[in-house]
Every structure is written in structure tokens, then in C-alpha cells.
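Dear colleague,

Please read them with the structure open beside you.

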Amino acid sequence: MQKYAIIDAVVHESEDARVTAELAPHVALLRVLKVTGNLTRAAAELGVPQPTASRRLAALTGLLGTPVTEPDGRGIRLTRAGALLADAADRAAAELTHGVRRLREEVDPERGHIVLGFLHLLGRSLVPGLVSEFRRIRPHTRFTLVQGSRQDIVDRLGSGELDLALVAPPADGPGLDALPLTEQELFVALPQGHRLAGRAHVRLDDLADEVFVMLEHGYGLRQITDDLCAQAGFEPVVAFEGQESETVRGLVASGLGVTLLPKFEPGTPAGVVEMPLRPRVTRTVGLSWHGDRPLPPVVAAFRDHVRGRAPLPPASARETDRGSAQR
């Protein structure tokens, strides 16, 4: 019985290989149809006449033994079978693009392209410094810089949209490697004239009765703040949420609440007082990348350049006591 099962598996693998070879020229049409929902526009995107596109759909239906599209008003949409193939084609195209890119950069690694994702707060000095240093070594390297929340950046890194990610804390999910770079001290940002502004430092439980302005859920700082408040025995009252630290600071300056943020560089903005926390609170900023597949040469070179500079000086040089609650 086992002998026949093995033969049956080999036969099916051979048949799958034949079908795959015949599918390859046609699945690009499904990828475009998934987006356009219109055969005429899909044919135009591919640069082929509409009758040719229609014949390809018919060939796919005959090859698979099931329709890959169905009418949808004046357009068409993919059937479940068509959608499954289109999704597989997307993944295959991403892998092929990655392979072509690696090949191109093997031929000319000095003209590579790096897609770097990072938190908004790191775009003021850390990212520009790292990029400018590397461009002095490899002046023809091209960067695409993507900003977002920690969750957004980690998701994009996982999906392959990003080569590298600068986030806090470093992303360390399945298949990811991480390199700690620096520690950022967190401060309480208060409106000028606030009752706590004249102190030498602030404790978290001093803020139990305060109204907070915060970054939205999905930002690392939001999670840190929620966790610290919970450890201090209270749930923060959140009046405003935003996606930009500058907006949050502006709300603080307007007297609408308090928040936890890294120190503003090069100096505290007008209308805001930045108070050190006791015990001291820091967060680790790190670089993350895919460790389960080879990086394009220029991406690996940038990672190694950053690794050669780690650990970077703390993001805040302010002297504080040694009691540190790291996040």
C-alpha cells in the first residue's frame, strides 16, 4: 500500500509541475484583474489586446477545470480559485523581484537600494545621521525612508516591504534578527506653569490624577506609558490621541494634558517643561532585519555599518541616577 501511495504522490507532483509551467505565462493577468476588476483595463496594463486577455482567461479555466473569474456588475471579479492563484502569484512575484534585485546588486553593489522603516521620533537625528554617514562611504546608494508606528513598521518588515527597521523596542519576531543601538530616556512633558513643573523630578504616581495626551495604540510609547501607569496603580485618563509626537507636544503646550516622550532635541519647545522620571525610564532603540534569508549586498553593508557604530551614545545625555526601568 505504501508503494502505491509513493507512486501516487510522484504522479501528482509531476502533474502539479506541468500545470505550474503552463500557468506561469497567464497568472500575471489574474494579479492585475484583482486590482482593476475590469478586463479592458487589465489588458491595457499588461500591454496586450483584450481578445488576447480573454483567451488567457479561457486557457486558465480549461487548464484548471474551474472558472477563475465571474461577472460583477459591468466588470468581473476573481472566483475563489482565481483569488488563490492571484495571491500565490503575488508571493512568487515578490520573491522573483527580490532575486532580481540581489542579482543586480551583486553586479553593481555600489548602486543598491535600501528601504528603511523607522519611528517618527527617530527621524530628527538618528536616521539622518546613519544615512548620511553611509552615503559618504557609498554615495550612489539610494534610500527609501518609511515612517510609521512601531506596529506598522514591524508588520511591513514581516511582509517584506522593508529591508530594515529602526524601532523601539527592536522587533524580534519569528525569522527576525535584532541589534540594540541606543537607549532613549523618557521624560514627562508638562505644560509651563504646571503644579509639578518646579520639582527636581516626577514619579509616575504623581500623575495619577492628570489628563494624558498620547500617541495611538500601535505606537511603542503608548504601550510603555500604559504599562508604567498600570505598575503605578492607575489607568491614565486619555483626552487626546495622535499619530505624531509633535502634535502631542503641541497639545501639551496648549495645556490639554501631560505625556511621556523622549527629550526634544536640540532644546525643549516653547510652552513645554520636560521633567525627568524617578525611577529613570528608558527604551531600547534597535535595528531589525530578516535573519532567515540573505540580504541584498548593500542592505547587508548598511546593517554592518550600523553594527560597527553600536552601541550609539544614549539619545539623552542628561545625567540621572542609576535606577533604571528599561522598556
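A charge is said to sit over a ring if NZ of Lys or CZ of Arg is within 6 Å of the ring centre and within 35 degrees of the ring normal. Here the charged end of Lys263 sits over the ring of Phe187, at 5.1 Å from the ring centre.

This is a predicted model, in which local features need pLDDT of at least 70 and side-chain atom pairs count only at pLDDT 80 or more, while totals for chains, interfaces and linings use all residues. Residues are numbered from 1 along each chain as its sequence is written, and side-chain values use heavy atoms, with hydrogens and water left out.

The structure also holds 4 aromatic pairs (rings of Phe, Tyr and Trp, the last by its six-membered ring, with centres within 6.5 Å; planes under 30 degrees apart are stacked, over 60 edge-to-face, the rest tilted). One of them is edge-to-face, because the rings of Phe134 and Phe302 have their planes at 85°, with centres 5.2 Å apart. This pair links distant parts of the chain, as Phe134 in helix H6 (residues 126-137) and Phe302 in helix H10 (residues 297-309) are 168 residues apart.

Phe302 also pairs edge-to-face with Phe143, the centres being 5.3 Å apart and the planes at 75°. Phe143 lies in strand S4 (residues 142-148), 159 residues from Phe302.

Definitions and conventions: Helices (H or I, at least four residues) and strands (E, at least two) are DSSP runs, numbered from the N terminus.
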